[in-house]
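Colleague: I would like to learn how to read the features of a model like this one, taking them one at a time. Could we begin with how the terms are set, and then turn to the case in hand?

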Amino acid sequence: MLNTLDENESSEPTVYFKKFTIGVFGDSGVGKSSIVRRLLVSDDYNAEHEPTVEEFYVKQMTHRNKAYELHIIDTSGTYEFPAMRRIAIEKADAIVLVYSLDKPYSFTKLERYMEEITRCCEDRNRKIPVIIVSNKSDLPNLSEPTFHNSYGLKISACVYLEGRWKCLWLATSAKFNLNVDTIFHKLLDKLSPEKSLPRKKASFMKQILR
């Protein structure tokens with residue numbers, strides 16, 4: 001288990017606003033571990049694919065002036081460990097689901113992952129936020145798949161996925177550290193939404209004087 005601190009955090013004990021567990025899922029070779037390593041250590045990137053069974057990390061983050069502790073489960077991209085995958089879904093407060101542009105089949109497998117996530121959450125009568133991440137957006141001559149809506153108009157993968165599964169979507173590049181932190185900030189927005197203060201009603205005298 002690797003425990004890391006943000007650069008602007010001191011070594012003094014921190015009182016965390018909340019702690020969340022985030023599961024990272026996706027097909028083998030899409031860059032899940034590269035995304036996690038970038039989050040943990042911003043200059044850590046390995047272009048060689050190293051298969052993961054399951055790894056657990058802890059990351060402290062500051063989001064909207066509050067300190068959070070993220071417990072990150074980096075899961076296997078193969079289907080050899082369905083029981084471990086289900087346990088990871090059950091533990092997770094939110095999920096990062098990754099595909100990559102250089103592996104078109106990883107996009108088609110999103111449906112299988114979403115079915116597992118939906119089924120597992122329904123069994124436990126709960127809902128958790130999911131963000132679908134398109135990794136390796138830095139690769140040249142590759143583009144996102146496109147779709148058509150009910151009116152026959154062409155729509156982007158972002159619009160299609162967000163509409164179909166009511167989830168978030170984000171393009172990233174672990175290689176160039178593009179939008180990696182944003183993945184987790186977007187999930188924290190869902191997990192700890194800012195509550196707007198109710199507007200105070202004008203006093204009776206002010207209402208008369210208007």
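Modeller: Let us begin with burial: a residue is called buried when its relative accessible area is under 20%, exposed when it is over 50%, and partly exposed in between, using a 1.4 Å probe and protein chains only. This is a predicted model, in which local features need pLDDT of at least 70 and side-chain atom pairs count only at pLDDT 80 or more, while totals for chains, interfaces and linings use all residues. Residues are numbered from 1 along each chain as its sequence is written, and side-chain values use heavy atoms, with hydrogens and water left out.

Colleague: With those cut-offs, is Asp27 buried or exposed?

Modeller: Asp27 is buried, since its relative accessible area is 4%. Its place is in the loop between β2 and α1, where helices (H or I, at least four residues) and strands (E, at least two) are DSSP runs numbered from the N terminus.

Colleague: Which side chain makes a polar contact with the side chain of Asp27?

Modeller: A polar contact is a pair of N or O atoms within 3.5 Å; within protein, one must be able to donate a hydrogen and the other to accept it, and residues adjacent in sequence count only if both atoms are side-chain atoms. The side chain of Asp27 makes such a contact with the side chain of Lys109, at 3.2 Å.

Colleague: How should I read a nonpolar core, and which residues have the most contacts inside the largest one?

Modeller: In soluble globular proteins, nonpolar side chains tend to be buried together. A nonpolar core is a set of buried Ala, Val, Leu, Ile, Met, Phe, Trp, Tyr and Cys residues joined through side-chain atoms within 4.5 Å. The largest one here has 27 residues, and those with the most contacts inside it are Ile35, Leu70, Ile72, Val96, Ile131, Ile183 and Phe184. Among the elements that each supply at least two residues of this core are β2 (18-26), α1 (32-40), β4 (66-75) and α6 (180-191), and α6 gives the most, with six residues. Apart from this core lies another, of 26 residues, including Leu97, Ile117, Ile128 and Cys158.

Colleague: What does Leu70 touch?

Modeller: Taking contact to mean heavy atoms within 4.5 Å, and leaving aside residues up to four places away in sequence, Leu70 touches Phe20, Ile22, Tyr57, Val58, Lys59, Met61, Phe184 and Leu188.

Colleague: How many salt bridges are found in the whole structure?

Modeller: Side chains of opposite charge can pair when their charged atoms come close. A salt bridge is counted when a side-chain nitrogen of Lys or Arg is within 4 Å of a carboxyl oxygen of Asp or Glu, and a search of the whole structure finds nine. In one of them, the side chains of Arg85 and Glu116 meet at 2.9 Å, N to O. Arg85 lies in helix α2 and Glu116 in helix α4, so the pair ties together parts that are 31 residues apart in sequence. Arg85 is buried, and Glu116 is buried as well.

Colleague: Which residues are linked with Arg86 in a network of salt bridges?

Modeller: The network links Arg86, Glu90, Asp123 and Arg124. Glu90 and Arg86 meet at 3.2 Å, N to O, and, being four residues apart in helix α2, they are separated by about one helical turn. Arg86 also forms a salt bridge with Asp123, with the closest N and O atoms 3.0 Å apart. Arg86 is partly exposed, at 31% relative accessible area, while Asp123 counts as exposed at 52%.

Colleague: What should I make of the phi of Lys166?

Modeller: Most residues other than glycine have a negative phi, and most peptide bonds are trans. Phi of Lys166 is near 55°, a positive value in a residue other than glycine. Lys166 is found in the loop between α5 (157-165) and β9, and is exposed, with a relative accessible area of 69%.
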